[in-house]
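Subject: Structure handover

Dear colleague,

I am passing on the structure below, together with notes on what was found in it. Please keep it open while you read, as the notes go through it part by part.

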Amino acid sequence: MFALNIKTWKLLPPTAPCFSNRSHRASTLSTVRMQKPQKPPSTSKPRRKSYGTSRKSILKKTFQQEQVTFTAPFSDESVVAIIGGGIAGLICAIFLDKRGIRSTVFDTGIHGLGGRLGTRVIDANNNPLIFDHAAQFFTVNDSRFAELVNAWLDKGLVREWKGTVGELHNGGEFLPFLPSPPRYIATNGMRFLADSLLSETRLVNVERPRWISKLEPFNGMWHLSENGKPCGKFDAIVVAHNGKCANRLLMTSGLPLIAKQMKRLELSSIWALLAAFEDPLPFPGTTEVPFEGAFVRGIDSVSWMANNTKKLLASPSDGPNCWTFLSTAAYGKQNKVPQENIPTATATRVKEGMLEGVEAALGLSKGSLPKPFYTKLQLWGAALPTNTPGVPCIFDPLGRAGICGDWLLGSNIEAAVLSGIALANHIADYIQSPGADPGQFAVGLNHDFQPLEGHDIGQFPGLGSEGKMNEAQVYELAK
């Protein structure tokens with residue numbers, strides 16, 4: 001599913017405008033070069049702004065920025081700030097650790113790390129309900145990712161998902177996928193994997209919940225702050241998140257090339273409906289639904305449904321059945337609202353529309369879907385990328401800043417992991433190459449974007465129409 005052979009990628013030729021040969025050993029008296037005079041990092045609380053920032057105003061501010069240029073050598077004990085604790089940011093921190101470089105991961109998560117590796121656990125009358133409410137599973141296509149996954153398997157962090165997965169067409173027609181390629185899930189929910197990844201690192205610090213709101217270059221370092229509160233100074237920065245918050249952070253940072261690429265990213269919106277039912281969902285011709293996960297076809301409001309109880313619990317009990325329903329991207333766009341403040345009317349309409357879609361997909365008569373005793377609706381406003389530059393990472397050597405994330409290569413966990421690895425090694429090479437020409441380390445600053453193909457909930461290399469069973473194989477499976 002990837003057109004780019006990332007296995008052979010080492011360092012793409014410089015794509016930024018030609019940089020003059022500036023040595024890392026240049027005078028420390030001129031550590032940041034900008035046309036405007038430097039000011040010390042602000043510690044005062046910024047004035048309150050009206051809600052929202054128009055795309056036009058962000059673009060204008062982005063393209064008017066002066067380029068930050070650091071010329072002093074890196075410090076002996078370099079520290080990298082990683083803004084975003086999703087899988088790409090965490091992997092970047094791990095591989096910087098492997099190269100002997102310290103990092104601090106700043107994440108906004110209240111309940112834990114992980115970003116779209118999200119798991120929600122609800123205590124309902126002493127009967128916990130568990131839902132993977134973002135990333136559902138992953139496949140493996142790249143040998144480097146396979147090596148990591150094998151290590152996770154050995155540690156019990158992930159396991160193979162052997163439950164039946166396939167396509168569910170409007171009206172209740174279900175066609176299973178072949179069991180190959182293997183599908184993987186985190187042992188106790190996706191967030192469990194994210195929370196466990198840093199356990200063996202020595203040089204990684206985590207701060208959460210922390211919402212970095214400003215980046216300021218001063219005296220050869222990046223100074224980070226949260227609403228006027230200083231959060232430390234760093235030799236280099238990594239932006240490992242995206243969407244409107246990342247755009248606002250970058251639009252006055254002095255990194256116009258990186259800001260421009262981030263602004264070119266287009267993201268879908270997806271609604272996630274978590275629903276718990278007292279009994280198994282009915283299915284025509286049998287006592288219960290014959291699958292654990294299904295890509296839904298022919299329904300406007302639903303693109304995916306999965307039974308978390310069967311997927312995550314090794315020995316499912318007679319207790320509640322916890323389902324995750326994910327909308328189509330089109331339905332998300334049609335019903336998009338500010339995810340921080342979802343109107344009650346919109347939430348009611350979306351919930352009813354998605355449950356009606358589930359009913360139709362299962363081939364049930366109108367009004368016959370059991371009523372869930374628990375529901376939770378969440379909007380992923382910046383859910384998944386719909387375009388990509390097809391490069392493992394982006395790095396501005398003059399500003400000592402980079403970007404990692406799945407959107408740089410595709411739309412899945414593997415792409416995020418490979419991006420985090422690429423940027424960590426790239427930054428480490430740059431820090432550990434004193435005197436090198438910065439221009440040689442410029443990556444992805446002018447790459448064109450191409451549309452991304454895949455399911456509404458992401459890409460799964462190896463899955464697709466060629467991976468579905470024919471009638472004879474379905475018969476063999478059922479025997």
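The chain averages a pLDDT of 85, with 82% of the residues scoring at least 70; pLDDT is the predictor's confidence in each residue, from 0 to 100. Over residues 45-62 the pLDDT is below 50, and beyond near neighbours in sequence this stretch has 20 contacts in the model, a contact being heavy atoms within 4.5 Å. Residues 465-479 also stay under 50 in pLDDT, and for them the model has 18 contacts beyond four places in sequence.

As to the ground rules, this is a predicted model, in which local features need pLDDT of at least 70 and side-chain atom pairs count only at pLDDT 80 or more, while totals for chains, interfaces and linings use all residues. Residues are numbered from 1 along each chain as its sequence is written, and side-chain values use heavy atoms, with hydrogens and water left out.

Helix α3

Helices (H or I, at least four residues) and strands (E, at least two) are DSSP runs, numbered from the N terminus. The 13 residues of helix α3 (residues 143-155) should span 18 Å at 1.5 Å a residue, and the end C-alpha atoms are 19 Å apart, which agrees; the expected span is 1.5 Å times one less than the number of residues. In α3, F145, L148, V149 and W152 are buried, where buried means under 20% relative accessible area, exposed over 50%, and partly exposed in between (1.4 Å probe, protein chains only). They cover an arc of only 100° around the axis, which puts them on the same side of α3; the arc is that of the directions from the helix axis to the C-beta atoms. The face of α3 turned away from its buried side carries the exposed residues E147 and D154, whereas the cover over the buried residues includes α2 (87-98), β10 (184-186) and α10 (413-431).

At the start of α3, a side-chain oxygen of D142 comes to within 2.8 Å of the backbone nitrogen of R144. For polar contacts, the definition is a pair of N or O atoms within 3.5 Å; within protein, one must be able to donate a hydrogen and the other to accept it, and residues adjacent in sequence count only if both atoms are side-chain atoms. After α3 comes G156, with a positive phi near 80°.

Aromatic pairs

A search of the whole structure finds 23 aromatic pairs; rings of Phe, Tyr and Trp (its six-membered ring) pair if their centres lie within 6.5 Å, and planes under 30 degrees apart count as stacked, over 60 as edge-to-face and the rest as tilted. The rings of F70 and W222 have their centres 5.6 Å apart and their planes at 65°, so the pair is edge-to-face. Because F70 lies in strand β2 (residues 69-70) and W222 in strand β13 (residues 221-226), the pair ties together parts that are 152 residues apart in sequence. F70 counts as buried at 5% relative accessibility, and W222 counts as buried at 0%.

The rings of F137 and F295 are also edge-to-face, since their centres are 6.3 Å apart and their planes stand at 70°. This pair links F137, in the loop between β6 (127-132) and α3, with F295 in strand β17 (residues 293-297), 158 residues apart.

Buried polar residues and backbone

K311, found in helix α7 (residues 308-312), counts as buried at 1% relative accessibility. A polar contact of 3.0 Å joins the side chains of K311 and D132. H223, in strand β13, counts as buried at 18% relative accessibility, and its side chain reaches the backbone oxygen of F218 at 3.3 Å.

Most residues other than glycine have a negative phi, and most peptide bonds are trans. The peptide bond from S180 to P181 is cis, with omega near 5°, and a cis peptide bond also joins R208 and P209, with omega about -10°. R400 is not a glycine, yet has a positive phi of about 50°; R400 is buried, with a relative accessible area of 2%.

Best wishes
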